Amino acid sequence: MALRFMGTTSDDGDCPTLYDIEGTDEILVQGERETDPEHLTQLRDVKESETFVRVPRSLLTRYAPRGDAPELQPFASISHLFRDFKHSAWRLETRRGYASDRNSPKWRRFLAGEDIARDPDNAWRENVRAQTAQGKRFERVRLVDEPPTQGQQFLLTSAPGNVTAGEDIRNLTRTKAQELRLPEHDFWLFDSKLVARFAFDDEDVTLGVYVTEDPAEVLAACQARDAAWHHAVRTEEFALRVRSTM
């Protein structure tokens, strides 16, 4: 079963940390092992397979789930949020490729070496123009491997069309993202109060989203956004850096 990084109260990348065990109602706790003999003798009903770790109360207060886990729902169920949000829609993209990209006509044109940077507006870009004209913000940070995967090169190549429509798309190396301990899952964050976390299969197909306003989930998403945005590089500049190394 996959682990999903939830959060940590460490500033230096060491313990303690919480992980969600996806597909279960359990969390995995990483921390310093308890070795105090006096404490160990006071533990109850200990099995041979069990161990014990110390974590600060603030870690559980900040990140541990507080309610029922959200159910997986179709991505289409949140389409209205891209029109109805009040201030900001922010996306973290972490994958090395997306099936939706590879299955699009634009992908075949990209492989053929055609210019896909300035395509005519589609429904997505038309909505971006409409919302940003009202002062709202569409923003993304995309993680990029070194060297970029084919899927990441496709996104770098096609990004100018979305940027022209009004999106602010920035890029961050995966190495830097790992240093920052960013989540390893994709999500949209709407108005700093609602998170839509993606689920994918092994072929990069979107299975749906988990939608929540749980304070711990929202806080973790906001912290990831702030850290990523501070270090991310605008698409045009990042693309130049990539081309200069290839």
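Biologist: How much space lies in the second largest pocket?
Modeller: In this predicted model, about 670 Å³ lies in that pocket. A pocket is an open set of points on a 1 Å grid where a 1.4 Å probe fits, with protein on both sides within 12 Å along at least five of seven lines, and lining residues have an atom within 4 Å of a point.

Biologist: Which residues are closest to its centre?
Modeller: Of 22 lining residues, the closest are Ser100, Asp101, Arg140, Arg142 and Leu155.

Biologist: And which element gives the most to that lining?
Modeller: H7 does, with 5 residues. Strand S7 (88-93) and strand S8 (137-144) are among the others that supply at least two each. Helices (H or I, at least four residues) and strands (E, at least two) are DSSP runs.

Biologist: Staying with H7, where is its kink?
Modeller: The kink lies at Ser158, shortly before Pro160, and is about 40°; the angle is taken between axes fitted to the seven residues ending there and the seven starting there.

Biologist: Is Ser158 buried or exposed?
Modeller: Ser158 is buried (under 20% relative accessible area, 1.4 Å probe). Leu155, one of the residues closest to the centre of the second largest pocket, is buried too.

Biologist: Now the largest pocket: how much space, and which residues are closest to its centre?
Modeller: About 900 Å³ lies there. Of its 38 lining residues, the closest to the centre are Arg4, Asp20, Glu22, Arg197 and Tyr210. S11 gives the largest share of the lining, 5 residues.

Biologist: What should I know about numbering and confidence?
Modeller: Residues are numbered from 1 along each chain as its sequence is written. Local features need pLDDT of at least 70, side-chain atom pairs count only at pLDDT 80 or more, and totals for linings use all residues.

Definitions and conventions
Heavy atoms only, no water. Buried < 20%, exposed > 50% of the residue type's maximum accessible area, 1.4 Å probe, protein only. Points joined across faces, edges and corners; volume = space filled by probe spheres on them.
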